[in-house]
Amino acid sequence: PQARRMLMLAAVAVVFIVAVNAYWLIPQSYGLISGGPGQNFIGRTKDVGLAQLTHLSSFTTPLNVWRLQGAWVWYGGFEGIPYVPYAMGYFKNPLLIFGSFLLPVAALGGLAVRRDRKLLYFGVVAFLGLVLSSGTNGPFGLIFALLWENVPLFWILRSPWYKATSLTILGFAPLAGLFVAA
């Protein structure tokens with residue numbers, strides 16, 4: 001009975017979210033279905049998209065992704081002016097560098113402290129987020145590029161850091177919370 005209620009609530013929530021976002025979902029879906037990667041909504045070709053993916057992935061090293069610092073805007077700028085002026089502090093300040101390791105280490109600690117098999121779900125979600133967020137960089141980069149080239153609609157992950165890091169956070173947060181609570 002409770003599971004059925006939860007599923008009904010989830011279904012109602014999905015219908016509501018789709019209805020609220022229909023103003024952009026309908027035209028976007030039409031564009032994706034009719035054009036695909038060769039004619040996406042920005043008018044770029046698949047080859048240009050792959051070049052963009054490769055460039056954006058150059059900042060998503062395993063260490064940067066693990067510390068949640070893989071956003072390309074942190075590393076770029078225009079005419080010598082950085083896009084994110086405070087980002088340099090996270091690269092040079094020892095206290096901020098140390099702080100950037102706290103969440104991932106706490107998440108690993110949550111897995112170690114609570115050896116509950118159900119928590120592996122969050123570990124798998126975090127790992128999937130780390131792999132997808134890295135894009136074509138890192139140990140799974142070749143696999144990501146092959147999927148991007150050959151799996152329909154996988155090209156939507158042309159900016160992997162922004163699209164997949166939420167999975168990493170969803171995996172890290174409960175595990176880190178369990179570690180802190182222990």
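Biologist: Is E79 buried or exposed in this structure?

Modeller: Burial is judged by relative accessible area, where buried means under 20%, exposed over 50% and partly exposed in between (1.4 Å probe, protein chains only). E79 is exposed, because its relative accessible area is 70%. Please keep in mind that this is a predicted model, in which local features need pLDDT of at least 70, side-chain atom pairs count only at pLDDT 80 or more, and totals for chains, interfaces and linings use all residues. Residues are numbered from 1 along each chain as its sequence is written, and side-chain values use heavy atoms, with hydrogens and water left out.

Biologist: Where does E79 lie, and what is its phi?

Modeller: Most residues other than glycine have a negative phi. E79, in the loop between β1 and β2 (81-82), has a positive phi near 50 degrees although it is a residue other than glycine. The strands named here are DSSP runs of E with at least two residues, while helices are runs of H or I with at least four residues, and both are numbered from the N terminus.

Biologist: Which phi does L68 have, and where is its place?

Modeller: L68, which is not a glycine either, has a positive phi of about 60 degrees, and its place is in the loop between α4 (62-66) and β1 (77-78). L68 counts as partly exposed because its relative accessibility is 22%.

Biologist: How many buried residues does α1 have?

Modeller: The count is zero among its 19 residues, so by the cut-offs above α1 is hardly covered. Helix α1 covers residues 2-20 and reaches 27 Å from its first C-alpha to its last, close to the 27 Å expected, where the expected span is 1.5 Å times one less than the number of residues.
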